[in-house]
Amino acid sequence: MSCRRLRFATPFLLLAAILAPSITNAAALRWNNPAGGNWNVPGNWLPANLPTATDTAVVDLPGTYTITVNQNVSIAGLRVNGSASGTQTLTAVSRTLTFSSPVTLGAQCVANWTSCSVTGAGAIANEGTFNLASTSIAQALSNSGTLVVTGTSTQSGALTTVGGSMLRISGTAAANGQLTVATGFTNNATIELTSSGAATAATLTLTAGTLVNAPGAQINALAGSGGARNLHAQYDNQGTINVSQALSTNRASTDCTNSGTINVTGGNYTVVLSGTTPSWTTTGTINVAASRTLTLQGVVAGGAGMNYFYNGGTFGGAGTIALLNSTLNLTSGIASSMAHLDGTTSIVNGPSTLTISGGTTVQMTSSTINAPAVVEAGATLQMASSDFTGAVTNQGLVEYTGACSQNGAF
């Protein structure tokens, strides 16, 4: 009896071993048309079926061709990689793309997704060129290639930028470019804000969390074809921010820090604080080129609660540091020889010393200096309807115009 059971079992096991690879491979449908074509043609796939929710669509056929996704797609996964040659382009316009398993866009892939909604549990890894135009992505996205965003696009899942990659947000002749990211992320690569074809805006917005610009990473506001550049995020800059076109940072109730470098060279940079207990702190390097301005602005007239902190590092250049409705707190001494300093309806607090360097002029309008101050020989401090509540050591010229007060030691 036992021998008969063994003879029956052995053919069954052999049959299972033969069928198992076929069952596994059946889940992968491969593109089979070297001329490209429409997604919804069964004959373009091998086997000749359309990929379904249990299938992984694989595009690894050598050659240069375009696949047009001309229907909504719900599949397990997508792999556009492994081709020995050519460029494989995957184009989708106004489609819902659902992936329950990972998506890989290989180095030879160009993905053009316009006005699409991308959903599902399958994370997306881009190694090629990924062009998003007015598209929303709900799952995690890792970019180690080139990610170009035009129109108004959103990223709800986690965003990862790998060293050597590029995230470019670009305005076009047709529309502004905007990417809104729902969570904080670490930038290990290069982020560009630019435009082409018209003077249109480019904006990166984080609705929550912190954008960490890692050491060696860059955020570049480029001139492009003109237009505004916006970095509306709470950021921790440990790398470099280069301002070659007018840039604005404005997100309520944020605490921004700079321990890296901010170069204001080809355009002005305006930081706006608002909301609950906002702050901006620098211990790094601030370079403001001649004829350029870094404006530290608050939304409260008089500047109370709109706190900027200079805690050390380099703060200046040949350009201007302008205070507008803000409070500059000096936990490290600052001198106007580092940068031209102007204040309007603002406050300068100590405990460290504000030095007006010889050969420079500082103007404070409707403002308060609540820090110890030294006016060196050959220096001019112009107080227009402004108050001194800190101690002043004057070796140069202090001019009072309008209604002013001097409450500190003089």
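Me: How many aromatic pairs does the count come to?
Reply: Six aromatic pairs. The rule: rings of Phe, Tyr and Trp (its six-membered ring) pair if their centres lie within 6.5 Å, with planes under 30 degrees apart counted as stacked, over 60 as edge-to-face and the rest as tilted. This is a predicted model, where local features need pLDDT of at least 70, side-chain atom pairs count only at pLDDT 80 or more, and totals for chains, interfaces and linings use all residues. Residues are numbered from 1 along each chain as its sequence is written, and side-chain values use heavy atoms, with hydrogens and water left out.

Me: What sort of pair do W39 and W45 form?
Reply: Edge-to-face. The centres are 4.9 Å apart, with 70° between the planes.

Me: Are W39 and W45 buried or exposed?
Reply: Both are buried. The cut-offs are under 20% relative accessible area for buried, over 50% for exposed, and partly exposed in between (1.4 Å probe, protein chains only).

Me: Which cluster do ring pairs make there?
Reply: W31, W39 and W45, linked by ring pairs.

Me: Switching topic. How many salt bridges does a search of the whole structure find?
Reply: Two. A salt bridge here is a side-chain nitrogen of Lys or Arg within 4 Å of a carboxyl oxygen of Asp or Glu.

Me: What does D60 meet in a salt bridge?
Reply: The side chain of R30, at 3.1 Å, N to O. D60 sits in the loop between strand 4 (56-58) and strand 5 (65-69), and R30 in strand 1 (residues 28-31), 30 residues apart. Strands (E, at least two residues) and helices (H or I, at least four) are DSSP runs, numbered from the N terminus.

Me: Where do D60 and R30 fall on accessibility?
Reply: D60 counts as partly exposed because its relative accessibility is 21%. R30 is partly exposed too, at 34%.

Me: And what does R168 form with E192?
Reply: A salt bridge, with the closest N and O atoms 2.9 Å apart. R168 lies in strand 20 (residues 166-171) and E192 in strand 23 (residues 190-195), so the pair ties together parts 24 residues apart in sequence. R168 is partly exposed at 25%, while E192 is buried at 13%.

Me: Back to strand 4. In which sense does strand 4 pair with strand 7?
Reply: Parallel, over three bridges, with strand 7 covering residues 77-80. Strands pair if DSSP finds at least two bridges between them. The bridge partner of V58 is R79 in strand 7.

Me: What does R79 stand opposite in strand 10?
Reply: T104. Strand 7 and strand 10 (residues 103-105) pair in the parallel sense, over three bridges.
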